[in-house]
Amino acid sequence: MKIILLQTDIIWENKFKNYEHLEELMSTVPSGTDIIILPEMFNTGFSMNPADLSEPPLSDTMEWMRSIAKKYSSGVCGSYIVGENNCFYNRWVFVSPVNEIWSYDKRHLFGVSGEDKLFTRGTKRIVFKFRNLRICPNICYDLRFPVWSRIRNDYDLLINTANWPESRRDVWITLLKARALENQCYVAGVNRIGIDGTGVKYCGDSIIFGPKGEIIASGKRDMECAVHGEISLQKLSEFREKFPVLNDADDFEILI
């Protein structure tokens, strides 16, 4: 399974320029790529202006993602601002080349920025299968809450799509590795670079970890790039069978 993380600068609150910019970066995507992963709020930046920037579930950004998935015969995923039923969501969406769609609403809203005052939090953890790979999505701040993404022997790849500030880069890298180790899974974390419209700086550090905590691929700091990595379900299965830590995990229930 071939995965690409698009580590990009995001043009503040300008959807169509971001589509164009991402398409330029995607020009390096090779044939045979299975999944293209975009940052959090990839079409606007981490904006607390949902009243102006939100769109219905099936609108411009969805149509753009559909066109990309079809063009590259790849799954494409990332989050953007969706307005639905008089609420705003930071919604992660995955679109397949044959127009299968899965979505996840960010559970842990970042109170420091006021996200919790403007957006409605998600209530459902999801896992879905794409090309035999079982995927569980997270969005940025979710990474700090391991119970939410704790494996139930139900997924192989944890995706975290983020706008994670440079000031907390060590936390980002440490927690991504921790999630891989504790869940014996692959973890793909994609982060943006640049400075957003509020003055917050991001440095990237997009990375793919293996189930032993090994780095499979990583992006350069402060540089736009497409991070290429390959993961193996066979190797993952063999490792889990050889070292079956998950069999000894505690049962638990999340109360919404």
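**N99.** I began with N99, which sits in the loop between β4 (87–95) and β5 (101–105); helices (H or I, at least four residues) and strands (E, at least two) are DSSP runs, numbered from the N terminus. Its phi is near 70°, a positive value in a residue other than glycine. N99 counts as partly exposed because its relative accessibility is 41%; buried is under 20% relative accessible area, exposed is over 50%, and partly exposed lies in between (1.4 Å probe, protein chains only).

A note on what I'm looking at: this is a predicted model, where local features need pLDDT of at least 70, side-chain atom pairs count only at pLDDT 80 or more, and totals for chains, interfaces and linings use all residues. Residues are numbered from 1 along each chain as its sequence is written, and side-chain values use heavy atoms, with hydrogens and water left out.

**E13.** Next I looked up E13, in the loop between β1 (2–7) and α1 (15–26). E13 is not a glycine, yet its phi is positive, at about 55°. With 30% relative accessibility, E13 counts as partly exposed.

**The sheet with β1.** I then traced the strands on either side of these loops. They belong to an open sheet of six strands, in the order β5-β4-β3-β2-β1-β14, with mixed pairing; two strands pair if DSSP finds at least two bridges between them. β5 and β14 are the edge strands, each pairing on one side only. From one strand to the next the twist averages 30°; axes are lines fitted to C-alpha atoms, for helices over the stretch in contact, and angles run from 0 to 180 degrees between N-to-C directions. Six bridges hold β1 and β14 in an antiparallel pair, and L6 has A226 of β14 as its bridge partner.

Which strands does α1 touch as it packs on the sheet? I found β1, β2 and β14, with the helix direction at about 135° to that of β1. α3 packs on the sheet too, touching β2, β3 (75–84), β4 and β5, and its direction makes about 170° with that of β3.

**α1.** I checked the length of α1: its 12 residues should span 16 Å at 1.5 Å a residue, and the end C-alpha atoms are 16 Å apart, which agrees. The expected span is 1.5 Å times one less than the number of residues. Its buried residues are K15, N18, Y19, H21, L22, L25 and M26. They pack against β1, β2 (35–37), α2 (50–53), α3 (60–72) and β14 (225–230), where contact means heavy atoms within 4.5 Å.

**E115.** Buried or exposed, I asked of E115? E115 is buried, at a relative accessible area of 0%. This residue is in helix α4 (residues 115–118). Its side chain reaches the backbone nitrogen of F110 at 2.7 Å; a polar contact is a pair of N or O atoms within 3.5 Å, where within protein one must be able to donate a hydrogen and the other to accept it, and residues adjacent in sequence count only if both atoms are side-chain atoms. Not counting residues up to four places away in sequence, E115 touches E40, M41, F46, M48, N90, K106, L109 and F110.

**The sheet with β9.** I moved on to another open sheet of six strands, ordered β6-β7-β8-β9-β12-β13, with mixed pairing. β6 (128–130) and β13 (215–218) are at the edges with a single partner strand each, so one side of each lacks a neighbour in the sheet. Here the twist averages 25° from one strand to the next. β6 pairs antiparallel with β7 (residues 133–139) over three bridges, and F128 stands opposite I135 in β7. β8 and β9 run parallel, joined by six bridges, with L158 opposite V187 in β9.

I also went through β9 for burial: six of its six residues are buried. Y186, A188 and V190 point one way, while V187, G189 and N191 point the other.

**α5.** Last, the helix that lies across β8, β9 and β12, running at about 155° to β9. The buried residues of α5 are W172, L175, L176, R179, A180 and N183. Down the axis they fall within an arc of 140°, so they line one face of the helix; the arc is that of the directions from the helix axis to the C-beta atoms. On the face turned away from the buried side I found the exposed residues D170 and T174. The buried residues pack against β8 (157–162), β9 (186–191), β12 (207–209) and α6 (233–242). Just after α5, Q184 takes a positive phi of about 45°.
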